[in-house]
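Hi everyone, and thanks for coming. Please have a look at the structure on the screen, and then I'll walk you through some parts of it.

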Amino acid sequence: MAEVKREIFGHMPLEDGGGEVEKFVLQSDSVRVEILSLGCIIAALETRDRAKQFADIVLGFDTLEGYTRKHPFFGAVVGRVANRIAKGKFTMDGKEYQLFLNNGPNSLHGGARGFDKVLWSPQILPNGVCFYRLSPDGEEGYPGELKVWVTYTLTGSELAINYRAQTSKKTPISLTNHAYFNLAGQGSPDIYDHEISIEADSYLPVDDTKIPTGEVVAVQGTGFDLRQPVQLGKHLKQFHLDGFDHNFCLPLGRARRLVARARHPPSGRTMEVHTTQPGLQFYTGNNLDGSLKGKGAAIYPKHSAFCLETQNWPDAVNKPHFPSPLLLPGEEYNHTTWLCFGTA
């Protein structure tokens with residue numbers, strides 16, 4: 001059974017609505033996690049290496065101020081729709097909806113003030129914490145009043161993240177957590193010595209604004225074939241890739257399945273990702289540029305972390321042949337992702 005503690009982390013600036021931000025610490029014998037009531041942010045995640053030494057393996061900030069300034073969604077739950085919507089537009093039942101454009105010509109991760117930038121109401125559970133919020137009808141341009149619950153539970157070396165939602169009107173929804181990982185420990189300069197594998201037979205090519213072209217392409221014979229573990233640095237060089245920021249198409253079905261594995265051979269730390277979601281966005285921190293001061297005054301240069309974001313496929317609301325992101329009144333959105341930590 002994990003131990004759960006709560007403490008005050010800080011207070012939101014008045015221009016952001018004020019309010020107290022709490023930090024919840026979940027701890028088992030092998031994993032320690034800190035989660036904020038702001039954006040359900042995973043602010044720290046400590047796991048052991050093969051010498052039993054703990055290190056914090058997620059990027060973030062020491063103080064609330066870092067999270068209230070502009071940052072690339074470190075550790076946060078993003079929504080109402082994770083990833084990109086082309087031109088910030090979609091049409092549903094004959095009505096066009098226009099969203100805020102916050103990523104070039106597109107809308108990204110819920111818009112100007114998405115789920116990552118708001119306070120959630122916490123409830124402590126025996127081995128975790130459940131966060132709730134009501135997203136008003138029309139928030140960031142999305143239709144319907146949306147009730148959302150995000151629950152973190154820690155069991156031994158496994159952190160489960162469950163997302164549930166109910167809506168008053170038909171609306172697109174896709175929720176994920178945007179933690180940035182470095183299994184050598186946050187603040188380590190790069191992830192080139194990590195081994196990564198992803199259980200996906202196909203991926204989505206993108207245009208120059210990172211919107212899927214609509215094609216679903218087999219990974220076989222391409223640099224996107226990660227079905228066997230690859231060493232990231234060597235692999236990027238071999239295929240002349242600047243990095244990954246792509247959706248991998250997972251086997252369909254609602255059951256829990258293993259979809260990705262990361263391993264850091266020097267420390268022995270491993271992480272497995274299991275999920276019920278149809279997609280996995282693999283991102284290698286291509287836009288990190290060393291300008292942000294992180295925890296312990298660490299700087300975070302390009303390729304100093306990776307994200308494995310379980311979610312629906314990007315721009316699915318505009319692509320009828322992609323898995324539908326639409327939630328109807330009376331239905332429940334319910335997905336779970338499990339992060340399993342160990343050594344090898």
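Let's start with a definition: a disulfide is a pair of cysteine sulfur atoms within 2.5 Å. With that rule, the structure holds zero disulfides. Take Cys249, which is in no disulfide; its nearest cysteine sulfur belongs to Cys307 and is 18 Å away. Cys307 is in no disulfide either, and for this residue the nearest cysteine sulfur is that of Cys40, 17 Å away.

Before I go on, a word on where this comes from. This is a predicted model, in which local features need pLDDT of at least 70 and side-chain atom pairs count only at pLDDT 80 or more, while totals for chains, interfaces and linings use all residues. Residues are numbered from 1 along each chain as its sequence is written, and side-chain values use heavy atoms, with hydrogens and water left out.

Are those two cysteines, Cys249 and Cys307, buried or exposed? Buried means under 20% relative accessible area, exposed means over 50%, and partly exposed is in between, with a 1.4 Å probe and protein chains only. Cys249 has 6% relative accessibility, so it counts as buried. Cys307 is buried too, with a relative accessible area of 0%.

Cys249 brings us to strand 21, residues 245–249. Strands here are DSSP runs of E with at least two residues, helices are runs of H or I with at least four, and both are numbered from the N terminus. Five of the five residues of strand 21 are buried, so this strand is largely enclosed by the rest of the structure. On one side you find Asp245, Asn247 and Cys249, and on the other His246 and Phe248, all of them buried, which leaves both faces covered.

Which strands does strand 21 pair with? Two strands pair if DSSP finds at least two bridges between them. Strand 18, residues 202–203, is joined to strand 21 by two bridges, and the two run antiparallel. There, Ser202 stands opposite Cys249. Strand 24, residues 279–283, is joined to strand 21 by five bridges, again antiparallel. In that pairing, Phe248 stands opposite Leu280.

Now for the rings. Rings of Phe, Tyr and Trp (its six-membered ring) pair if their centres lie within 6.5 Å; planes under 30 degrees apart count as stacked, over 60 as edge-to-face, and the rest as tilted. By this rule there are 20 aromatic pairs. In one of them, Phe24 and Phe131 have ring centres 5.7 Å apart and planes at 80°, so the pair is edge-to-face. Phe24 belongs to strand 2 (residues 20–27) and Phe131 to strand 12 (residues 128–135), so this pair ties together parts that are 107 residues apart in sequence. Both Phe24 and Phe131 are buried. Another edge-to-face pair is Phe115 with Trp120, at 5.8 Å centre to centre and 80° between the planes. Both of those residues, Phe115 and Trp120, are buried as well. Ring pairs also link Phe61, Tyr67, Phe74, Tyr180, Tyr283 and Tyr300 into a cluster.

A charge sits over a ring if NZ of Lys or CZ of Arg is within 6 Å of the ring centre and within 35 degrees of the ring normal. Arg164 has its charged end over the ring of Trp149, 4.4 Å from the centre. Arg256 lies over the face of Trp338, at 4.4 Å from the ring centre.

Next, two single residues. His235 is in helix 2, residues 232–238, and is buried at 5% relative accessible area. A polar atom of the His235 side chain lies 2.6 Å from the backbone oxygen of Gly223. Thr47 is in strand 4, residues 42–48, and counts as buried because its relative accessibility is 4%. Contact means heavy atoms within 4.5 Å. Leaving aside neighbours within four places in sequence, the contacts of Thr47 include Ser30, Phe54, Arg269 and Phe341.

Last stop: the backbone. Most residues other than glycine have a negative phi, and most peptide bonds are trans. Here, a cis peptide bond joins Gly79 and Arg80, with omega about 15°. Arg80 lies in the loop between strand 6 (77–78) and strand 7 (84–85), and Asn83 lies in that loop too. Asn83 has a positive phi, near 75°. Ala297, in the loop between strand 24 and strand 25 (307–311), also has a positive phi, near 65°.

Conventions: Polar contact = N/O pair within 3.5 Å; in protein donor to acceptor, adjacent residues only side chain to side chain.
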